[in-house]
Amino acid sequence: MLEPLTSAGELPLLSLMLLGLPLAALLIWAADAAWARWVALWAVLLELLLAGTLLLGFDNTLGGFQFVERAQWIPTLHIHYLLGVDGISLLFLPLTLLLFLGAILLSWNSVRTMPQLYYTLLLLLLTTTLGIFTALDTMLFFLFWELSLIPAYFLISLWGIGPQRRFAATSYTLHMFVGGVPLLFGFVLLALGHGEATSQFDYPALLSGTLSVELQGTVFLLLLLGFAVKTAIFPLHTWLPTVVSEGPIALSAILLGLKLGAYGLLRFAVPLAPQAAQEYHWLLAGMGVFGILYGALLALAQSNLRGMLAFSSISHVGLVLLGLAAFSIEGVQGALFQLLNFTVISGGMMLIAGMLHQRLGSTEMLQLGGVANTMPLLAALFFLFGLASMGIPGTNGFPAELLLIFSALKSHTGAGLAALFGVVLGAGYLLAYYRRAFYGPLSHRVVATAPDLLRRELWLLTLFAVIILAGGLYPVLVLDTSRVAAEAWLNALVR
Amino acid sequence: MGAEWIAPVVVLAVVLPLLAALAIGVGYLLGGNHGEAGERGTSRLALSASGLSLLGLLGLDLQALLAGATPGQVVLGEWLVVGDYRLLLSFTLDPLGLAMGTLVALIAFLTLRFSVNYLHREAGFQRFFLVMLLFNTAMLLIVCAGSAWLMFVGWELAGVSSYLLIAYSFERPAAALNATRAFVTNRVGDAGFLLALFLAFYWFGSAEWPALLGGASGLESLAAGLLAGGFLVAALAKSAQLPFAPWIARALEGPTPSSAIFYGSLMVHAGVYLLIRLEPLFMQVPALSALLVLLGVLSALYGLLGAQVQSDIKSALMFATTAQVGLMFIACGLGWYELASWHLLAHASWRALQFLGAPSILQQVSQPPRPLPEWLRRRRGIYHAARERFWLENLSDGLLVRPTLQLAEEVERFDTRVVNRLIGRMESADTVSSLNEWERRQHGGGGTGGIGTGHGVAGHGMEWLASRLAWLEENLILRLGGEGLQGMIGRVGRQAQLLEQLLERPRYLWLMVMATFVVII
């Protein structure tokens, strides 16, 4: 039986967020198919309102978790329904919602087959994603983690744009299962090896507990493997370009925008096995630096925008790992900042790729050329997002990348130098694609007759652009929210 | 001294052009200032922002004159504080910074005024003014910044605006290509700047100019050399000195006013300005000063010879600029920093005038271009080398660009052929890509037939193992000593040879050297 929720505030806001979406999904089926997109849109807008309330109510001078809700779930195994946010996870909620808002607006007129099912799946995916960010019980987290596969599978296989979407869906699911198994083992080991008689899945309790060093090594490697698959770390990265080139672009934007694997490393793998993490810093840094260069080189070799974005995201996540491996305050703050940035930068660029694809039927370099002639606004906004992805000052990529590079140079100097080389390559692949696809004369009739951004697209991208500029001009906005949590994260490692 | 209005005025002077640029951008997004009708509002906004910025700086000059002393370091507050990294918002208004700031504001204002007529009825009028205003702020940040990091902000924004103006007529492929090339070359310099920034924070805990220059005297010569080296790479790239010189010759694709302000007058001097700012640091490292002289001499020669063989006025002016900036580098290397600053101020003014006047000169002078000087006509080798810009671009293409691209292609092949197949991807797993491969398959047996098919990584692994074992049995044990073993040895040999060939290519050597470095450090 469920115990009554014990929430800190008046309203169980987080539960409301999680429950509201499935309810909206039910509403979709009650209404006419033509209204499905409107229901989804309003659901996400209302959720954004809730997220806004969370932001206002959050006290970033306090450490620990806020808006905590706890209830018994499976008493025999000591598994709880435990939700809460801290400075690390809080900002992901509104940004995730924004990204899904973008996904819905991108699909607005393009999804014509089974719209009810499509938007239902999208809302369910959103529910599980929000669950991943708010769950504080490792089993609850794992549940959300695995549940997110179901909507993703159907979205890819039914609404994919490539001829091999079925294969992409299977490949994605299999990869995620391969990652899920070690994750589950890791969490179970953590729960059992905790030293007490009863098993323990409570994340805050696990944080303060002590785990024997030998067990920590195993746990860390298991969790690392599990999250590495989701992060798309070499050699387990092949699913990402496959899904991005075969799956629906709205989903690709979500996958590229939300680096859940890296978030998992930051949230679970490192703090739960702190000594092992420090022992294996070379592994993290090695994966990071290899990812930076490997991803950048592959991005340079792509002729399709979606492929290029997929590999550039692999390259960017490499830098985040490198920053994490530094175990310094600038490293973790930079990593967190950059992960938040990805939602608007990578997600935004992928949304633009989707808009291009809807207009031209392709994002292949050879099919494009001279896009800036007929779609100046789209080209300008893509360029702005590209600047953010290169870490140019004025955009939110700059402070984050600066912190990451500084931390990498300090802790792993050689790797940091390689990351600087990655900076040069980053400008290379982005501008090379921009030159071939957006500049140059008009050579295809579809490009010559395509319309510029529609009003809803313009508003959406302007919103993203404002976030990019705000984060770049006034980074304290983000960094202050996470400061206390990041310092606690670091202190727990040093302890 | 001590007037409270100094800080707000300097902030306004720097930020106003940026705000105007934003306003133009937003106006364009909302559709308010398109076409010829929008020109008036756009140019008025731009001119008033730039003019007010100039007035603010003149006011600061006046105040300094009356007070008899410049305000010096003006600290506004913190921008970002994480751990040991304190990034302050501050401006250095010493005689050098104020003088340069005023000059920048003046030239920017005049050029903008010139452009109002020059770009009349151009399709990209609004875009041009937006980017010019962005550059105005960027350049003011470079010269007035109180710290290395704030200068870096301007440095990068100047690079971006330079890219956007080179690609002003982006429908021409050459313009787009040259813009990309210029920006990527500048990125190399930016990497050097970033490294130096990090070192400054690491050693002094601050990137403020006073702290950086004060702390530099306590550094060992190797450390000081590293720090100065990072800045030097940035300065060389931005000021288009050897070995980065050729990008600037490609940068003239933009409209003439932008060429004047970027490559004739202001941005090209940013590198020299950085050197002058860092005078105490460079004075500490004689080896780098010698290098400065050497690179300056080479760049001056490069510019001199290059200018002789140009047939259009803008290119000739550009090479002359490179030569002049080379002279400034020589002056810095010899320790004559004051001379270099005077040279900089004078050169910036007269070159802006020359560039802006160039189109009119062409219209009014109908003489054929000047013939080659006699001494150069007799030395065909030098002539040819100068025409080809001393093959510097081919050199950097051959040594850096092409190997990187080839490496990228090979990594791509590795990813699709090896990694993808290992992890399991549908396509290309069952197809034969070449006749060669088909023959090899026929020859070598192998194949997955008959043993059974598995799925997933583990399944494929088992399947592979089973088929290999079957193959081993069939080819080695059943036909021992026969054609099977021989064929296999031949194949192994071919593979080894392939590996050898790959390793012999210089890019892999580079890669291995780099990997070694990464591991060692």
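Predicted model: local features only at pLDDT ≥ 70, side-chain atom pairs only at ≥ 80, totals over all residues.
Domain bounds here come from an automatic or database domain assignment.

**Stop 1**

Select chain B and colour it by secondary structure. Chain B has 21 helices and 2 strands. Of its 521 residues, 42% count as buried. Among the contacts in chain B with a separation of 6 or more, 74% are between residues 24 or more positions apart.

**Stop 1: the domains**

Now colour chain B by domain. Domain 1 covers 1-146, and domain 2 is made of 168-363 + 376-386. Domain 3 is 388-426, and domain 4 is 432-478. Keep domain 1 and domain 2 of chain B in view: their C-alpha centres lie 23 Å apart.

**Stop 2: where domain 1 meets domain 2**

Here 26 residues of domain 1 of chain B are in contact with 24 residues of domain 2 of chain B. To see the side that domain 1 contributes, select β2, α3 (95-118) and α4 (125-144) of chain B, the elements that give two or more residues to it. α3(B) gives the most to this side, with 11 residues. Colour the domain 1 side by residue class, and it divides into 17 nonpolar, 7 polar and 2 charged residues.

**Stop 3**

Select residues 72-82 of chain B, which form strand β1, and residues 85-93, which form strand β2. How do these strands pair, and over how many bridges? β1(B) and β2(B) pair in the antiparallel sense over 9 bridges. For one of the pairings, pick B:Glu78, whose bridge partner in β2(B) is B:Leu88.

Then return to β2(B), which is mostly covered, with 7 of its 9 residues buried.

**Stop 4: the contact between chain B and chain A**

Show chain A again. The contact takes 47 residues from chain B and 50 residues from chain A. On the chain B side, the elements that give two or more residues are β1, α5 (148-166), α6 (173-204), α17 (392-423), α19 (456-478) and α21 (506-520).

Which element gives the largest share of the side of chain B that touches chain A? Select α6(B): 14 residues of that side come from this helix, the largest share. Finish by colouring the chain B side by class, where there are 35 nonpolar, 4 polar and 8 charged residues.

Definitions and conventions: Residues numbered from 1 in each chain as written. Chains lettered and ligands numbered in written order. Buried ≥ 20, exposed ≤ 12 C-beta atoms within 10 Å, placed from the backbone. Helix = DSSP H or I, 4+ residues; strand = E, 2+ residues; numbered from the N terminus. Pairing = 2+ DSSP bridges. Contact = placed C-beta atoms within 7 Å. Nonpolar A, V, L, I, M, F, W, Y, C, P; charged D, E, K, R; others polar.
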